[in-house]
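Open your viewer and get ready to click along. This tour tells you what to select at each stop and what you will find there.

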Amino acid sequence: MQMLQRLLSSPKGRRVQRALNNMKITVMCGFMTILVLRGTIGAGYFGTPAQDYEEIRAHLQSSSRGSSVHPIRALAEIQEEKPSFKSGSAGVDLVMSVTATDDIQDDDEEDDEAATTNVSNADPAGVSDWDEQRGQWKKLQQNPNISSTTVEAAAARSETMLPLRSMMLVTGSSSKPHKQCENAIGDHYLLKSFKNKLDYCRLHGIEMFYNTATLDRQMTGSWSKLPLLRNLMLGHPEVEWLWWMDTDAMFTDMSFRIPLEEKYQNYNLVLYGFNDSVYVNKSCTGLHTGSFLIRNCQWSLDLLDAWSRMGPEGSITEKAGESLTQSLVGRPQKIETDDDQSALVYLLITQTAKWAERVFLENTYFLHGYWTEWVDKFEEMMMMEKSYRPGSLGGDDEEEEQQKQQRQQRWPLVTNFVGCNLCSESAADYPVKQCVKQMEKAFNFGDNQILDIYGFQHKSLERPDVQSIKTDGDSDHPTKEKLEAGGGSSNA
């Protein structure tokens with residue numbers, strides 16, 4: 001006994017004693033945890049371990065389902081027991097596993113591939129009756145009390161009623177760490193570009209969707225917008241038009257409103273371009289895909305499917321790149337893979353009868369303005385408002401040369417910085433300093449149109465600081481005329 005006491009009183013014995021006490025506490029905590037779980041989760045019937053496991057899993061699944069968000073508004077995962085709008089098709093309840101701002105790619109490559117595959121396969125291919133489904137959805141939204149005995153209609157009526165929207169602006173950027181900007185100035189101008197788009201959308205009542213998720217690992221770069229637009233169409237049946245706009249594009253005519261109803265009623269795709277350049281000359285720059293409008297309809301889903309077949313990375317893009325270089329005029333030989341713009345031109349000239357009737361190539365205003373042609377004119381445009389003014393051209397019966405002259409006198413609706421890459425100078429066609437200087441001018445040119453509503457203006461298009469332009473007789477409140485001008489009116 002004395003020997004045991006001496007052993008326990010030694011440093012080594014005290015360590016053993018502390019270890020035993022810790023083991024006792026751990027066992028006791030584990031036992032209490034089991035009792036608490038049995039009492040709160042519901043597996044308190046003292047069945048077999050297998051039965052307990054099944055009850056716990058069922059409880060956790062039901063709890064997670066109870067906290068889900070409406071799939072149309074958040075693109076959240078829908079529940080298996082909840083009836084879809086139409087069984088077996090991608091209808092109103094779009095199955096997705098991420099929200100728009102989530103980065104579905106993890107550091108673990110296997111998890112990355114699995115997550116992306118889930119999103120890609122969540123939108124079943126072969127949707128053929130989307131117009132019919134949207135038509136039924138619209139009827140239910142306009143009259144939620146209509147009588148119907150179908151499960152699908154009943155489920156749709158139980159959803160939150162969403163107002164019909166004419167347009168959604170879609171843009172985004174990468175959120176992968178290795179694809180982020182190499183310098184702070186790049187992130188700074190990404191933020192300015194976002195602010196610029198947000199201002200335009202606020203003035204014109206347009207909903208904006210900013211994406212950072214990679215929905216398909218095989219469709220990267222400029223191709224990534226195709227699966228995104230397809231999923232947004234199916235996830236937002238309340239939106240009639242989606243407007244894609246590149247991250248490096250900015251609005252430089254804040255008052256101009258797209259003439260959707262006045263001009264594009266019979267069309268499903270609107271891009272800046274020229275018919276002769278595409279269908280006659282087969283030019284790879286005959287149209288531009290940095291800013292375009294696409295209607296939410298079955299025709300558009302079919303087009304996106306056909307368009308995206310040339311997009312997956314690997315041998316497909318290499319073979320498609322060779323075909324595009326041989327078939328299109330002006331495509332550099334050094335481009336070994338295909339690009340989405342050349343692919344669309346190729347699709348239109350090889351399947352003209354199928355697609356061209358619903359494609360409108362717009363050139364009476366600049367849905368896409370090339371920055372090297374415009375930015376240096378912005379100061380002159382500000383000083384000579386009578387010569388340079390916002391809006392589109394007049395009637396379509398004007399002489400071609402006169403149209404061209406008038407077109408050059410209009411502010412570009414969108415100025416796109418093609419060839420600039422502030423995040424990686426090695427991947428750019430122009431020096432970063434030149435792009436930064438011109439981007440600052442373009443941003444301030446558009447921002448002046450916003451600040452003017454409140455009586456302020458940038459001191460210079462090259463400087464971010466502002467000054468008051470109010471006179472002694474001006475009110476401190478925005479005038480009705482300026483707010484209406486800033487809110488936009490039809491210029492078509």
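This is a predicted model: local features need pLDDT of at least 70, side-chain atom pairs count only at pLDDT 80 or more; totals for chains, interfaces and linings use all residues.

Residues are numbered from 1 along each chain as its sequence is written, and side-chain values use heavy atoms, with hydrogens and water left out.

**Stop 1: helix 2**

Select residues 11-41, which make up helix 2. Helices here are DSSP runs of H or I with at least four residues, strands are DSSP runs of E with at least two, and both are numbered from the N terminus.

Now highlight Lys12, Arg14, Arg15 and Arg18, which come together as a surface patch of positive charge. Patches are built from residues with over 30% relative accessible area and no salt bridge; like charges are joined within 9 Å, and nonpolar side chains (Val, Leu, Ile, Met, Phe, Trp, Tyr) within 5 Å. Lys and Arg count as positive and Asp and Glu as negative, while His and the chain ends are not counted. Each charge is placed at NZ of Lys, CZ of Arg, CG of Asp or CD of Glu.

Is Arg14 buried or exposed, or something in between? Arg14 is partly exposed, at a relative accessible area of 39%. Buried means under 20% relative accessible area, exposed means over 50%, and partly exposed is in between (1.4 Å probe, protein chains only).

Next, select Met28, Phe31, Met32 and Leu35: they form a nonpolar surface patch with about 430 Å² of accessible area together. Such areas come from the Shrake-Rupley method with a 1.4 Å probe, and for residues only the protein chains shown count as cover. Leu35 is part of helix 2 and is partly exposed, at 40% relative accessibility.

**Stop 2**

Select residues 269-273, which are strand 6; five of its five residues are buried. Leu269, Leu271 and Gly273 point one way, while Val270 and Tyr272 point the other way.

Strands of a sheet pair through backbone hydrogen bonds, either parallel or antiparallel. Two strands count as paired here if DSSP finds at least two bridges between them. Strand 8 pairs with strand 6 in the parallel sense over four bridges. Click on Leu271 and look both ways: its bridge partner in strand 7 is Phe292, and Leu361 stands opposite it in strand 8.

Then find Ala356, in the loop between helix 15 (352-355) and strand 8. Ala356 is buried, at a relative accessible area of 17%. Ala356 and Leu269 are 87 residues apart in sequence, with their C-alpha atoms 9.4 Å apart in space.

**Stop 3**

Three strands form an open sheet in the order 4-10-9, with mixed pairing. At its edges are strand 4 (249-251) and strand 9 (369-370), each pairing on one side only. Strand 9 runs parallel to strand 10 (residues 414-416), joined by two bridges. Select Gly369 and you will find Thr415 of strand 10 opposite.

**Stop 4: a covered helix**

Select residues 225-235, helix 9. Its 11 residues out of 11 are buried, so this helix is largely enclosed by the rest of the structure. Among the buried residues are Lys225, Arg230 and Asn231.

**Stop 5: salt bridges**

Side chains of opposite charge can pair when their charged atoms come close. A salt bridge here is a side-chain nitrogen of Lys or Arg within 4 Å of a carboxyl oxygen of Asp or Glu. How many salt bridges does the structure hold? The structure holds 16.

- Glu362 and Lys263: their side chains meet at 3.1 Å, N to O. Glu362 is in strand 8 (residues 359-362) and Lys263 in helix 10 (residues 260-263), 99 residues apart. Glu362 is buried at 1% relative accessibility, whereas Lys263 is partly exposed at 23%.
- Lys441 and Glu379: this salt bridge spans 3.7 Å, N to O. Lys441 lies in helix 19 (residues 432-451) and Glu379 in helix 17 (residues 378-383), so the pair ties together parts that are 62 residues apart in sequence.
- Lys459 and Asp465: the closest N and O atoms of this salt bridge are 3.8 Å apart.
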